[in-house]
Amino acid sequence: MKIKIALATILAIYSSTDMAYAAKRSIKSPDGKLEVITDVKAGTPTYMVKYLDKIMIDESPLGFKADIGDFSSGMTDVKQVERNVRKHYNQDRIKRSDIDYEANVLEVTYADADGRQMMVEWQVSDNNVAFRYHIPNGKERRSAVIEKEESSFKFPPYTTTFITPQSNPMIGWKRTKPSYEEPYTNDSPMSAKSLYGKGYTFPALFHVGNDGWVLLSETGVDGNYCGSRLSECKDGTYSIAYPMEGENNGNGSSSPGISLPGTTPWRTITVGNTLDPIVETTIPWDLVEPLYETKAATAPGRGTWSWLLWQDGSINYEDQVKFIDLAANMGYENALIDNWWDKNIGKDGIERLSAYARSKNVNLILWFSSSGYWNDIEQSPTNVMSRPIPRKKAMKWMQDNGISKIKVDFFGGDKQETIRLYEDILSDANDYGISVIFHGCTLPRGWERMYPNYIGSEAVLASENLVFGQDFCNNEAFNATLHPFIRNAVGSMEYGGTILNHRLNRDNNGGTIRMTTDAFQLATAILFQNPVQNFALAPNNLEDAPAAAIEFMKNVPTTWDDTKLIKGYPGKYVVLARRNKNKWYVSGVNATSDKLKLRLDLSSILPNGRQTAPVYVSDKNEGVKTKSVKIKNGIASELTVLPSDGFVMIIDAD
Ligand code: CA
């Protein structure tokens, strides 16, 4: 009895001081389905995420340790502010062009025993949670170094993972890693160790049993912070980790420094009971704004890329003429000239090639190494993009010669120093009307919107690996079914796809063997999104590839007004619809070892439900042919997709 009274008294005291010290707070999405609940447990700020009342992220710690104080323990919750944010914006280089964003905002301020404060800002939209830290001025301090973040994500024990490991620093080709080019595991238990024991890179996909899906990533990362990753899993919990000391050849700090008052980047949690909100999310761009105006916004388009199949041996004047001619023949806007052009073609040669290309309405894209002192790359040009003086000289020369795109390769990791280099290159390039592709690089984090002359990034095991090894060819279909759900869901992906050679060498008669069909290759031109697609076509394809495939590739768009997941499961198969103006391109590939018999429900993209649509499919005799498929009441007549095969259907949107 005594105990009961005591407990009641404590509860009464707690409730009487509720206004001042209430710890538990809740914020819901505009549709009411997604909820974030914050609390303070033994002095540590915590949160959890529920969708339709199911736990998607269990109670997890927040906060960080900085050189100005420990904001992860000994904290009390002192204040909350609620508001709403709505915005409308347009983007021409992501999965949707016309975007409405609405979120409920909760700002919770915490203080330590000395009264030092930090604030956590939550934005909760219908399928996305985002949070970041705001750090006010210290009494004397106007700068801080964030030493460790406690921000974590604890998943229910039945969760399985679709994640890719962070590599060790300074390993791989010419000691260029990490570069977000590691394989994915799929549907693995959380107890599995990562390949290198260094955690995982963003984005990371989690299947929370029967309750739904969660995609973790971050956005709004610029030169004011480092890129972060996820730690190894401990008791179902992944924590935010900073770059490894060894990255960037050991140069630069792995702890981000910020000026005060300051904010950290957004961490994003995309949540759904199906995969649709994962594939369709625009959260990386909803939370950021353009950082500067541009005189030369990225022109979307297609391009040829000799190096993919013809490799270093094609970096000479004569072969580049062949690929410029191929681009002109296909109606493509670009021809990418890869490494060694400075040695093998020379500046004079490039000037003549650029004039020749422009006479055929083709623009050159020129390759550069990013380094520098952060790896052993000898592929040249080196030491140009790494510093402002040579960089701006080269950019001026390109501008004078009508070259408006560069591809910069082999970056040094995720340290703040390296993120600043990405930003410096983008900013300088913008002054010279140049737009930028990154390779051997980090994940873009909202960059399509932040930097208007940014095109896209590799940050994936890309098509080059098909040439490097048969294993990758054998897994091509499997990998293709992951990207729309994970890597390409949060950022433009420079993959270099659509190979129509059957053998992956110059003469289409040796090297590795492509295991996927031509129709599969056409499907990837839609599945993989990048506003400038540099395809792996070769001059011989004009003669030896199926006529229907070449006709499709001449007309394929690279920008999208909308994107919808129709059906799929990462690692097994995917059917995705992307709309360019008034045409929907419904694209599918099959990575299972079984024939897929698909009766597609297209009612989400075809409201009147009725149409006869052309579909590009495999054909025994012709390789690829078009046939027509009938759609009635939104359901398309049955399509059979063989293993490692694909299709593209083109539907009038009106
Ligand atoms: Ca690469």
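**Strand pairing and a helix contact in a predicted model**

In this predicted model, a polar atom of the Thr44 side chain lies 3.0 Å from the backbone oxygen of Ser72. Thr44 belongs to strand S3, which covers residues 44-51. Leaving aside residues up to four places away in sequence, Thr44 touches Asp39, Pro61, Leu62, Ser72 and Ser73.

The pairing of strands was examined next. Strand S11, made up of residues 143-149, runs antiparallel to S19 and is joined to S19 by three bridges. Within this pair of strands, Val145 stands opposite Gly257 of S19.

Strand S10 (residues 128-135) has several pairing partners. With strand S9 (residues 117-125), S10 pairs in the antiparallel sense over seven bridges, and a hairpin of two residues connects S9 to S10. Across this pairing, Gln123 faces Ala130 of S10. Strand S21 (residues 266-272) also runs antiparallel to S10, and four bridges join the two strands; here Val129 stands opposite Ile269 of S21. A further antiparallel pairing, over two bridges, links S10 to strand S20 (residues 262-263), with His134 placed opposite Thr263 of S20. Strand S10 is mostly covered, since seven of its eight residues are buried.

A contact between two helices was also found. The axes of helix H16 (residues 518-527) and helix H18 (residues 547-555) come within 10 Å and cross at roughly 10°. Because angles under 35 degrees count as roughly parallel, H16 and H18 are roughly parallel to each other. On the side of H16, the contact is made by Leu522, Ala525 and Ile526, and on the side of H18 by Ala549, Phe552 and Met553. By class, the contact comprises six nonpolar residues, with no polar and no charged residues. An α-helix has 3.6 residues a turn, so residues three or four places apart point the same way. Helix H16 is mostly covered, with 10 of its 10 residues buried. The buried residues of H16 include Leu522, Ala525 and Ile526, which also take part in the contact with H18, as well as Asp518, Gln521 and Thr524.

Conventions
Residues numbered from 1 in each chain as written. Predicted model: local features only at pLDDT ≥ 70, side-chain atom pairs only at ≥ 80, totals over all residues. Heavy atoms only, no water. Pairing = 2+ DSSP bridges. Axes fitted to C-alpha atoms, helices over the stretch in contact; angles between N-to-C directions. Parallel < 35°, antiparallel > 145°, perpendicular 65-115°, else oblique. Contact = heavy atoms within 4.5 Å. Nonpolar A, V, L, I, M, F, W, Y, C, P; charged D, E, K, R; others polar. Buried < 20%, exposed > 50% of the residue type's maximum accessible area, 1.4 Å probe, protein only. Polar contact = N/O pair within 3.5 Å; in protein donor to acceptor, adjacent residues only side chain to side chain.
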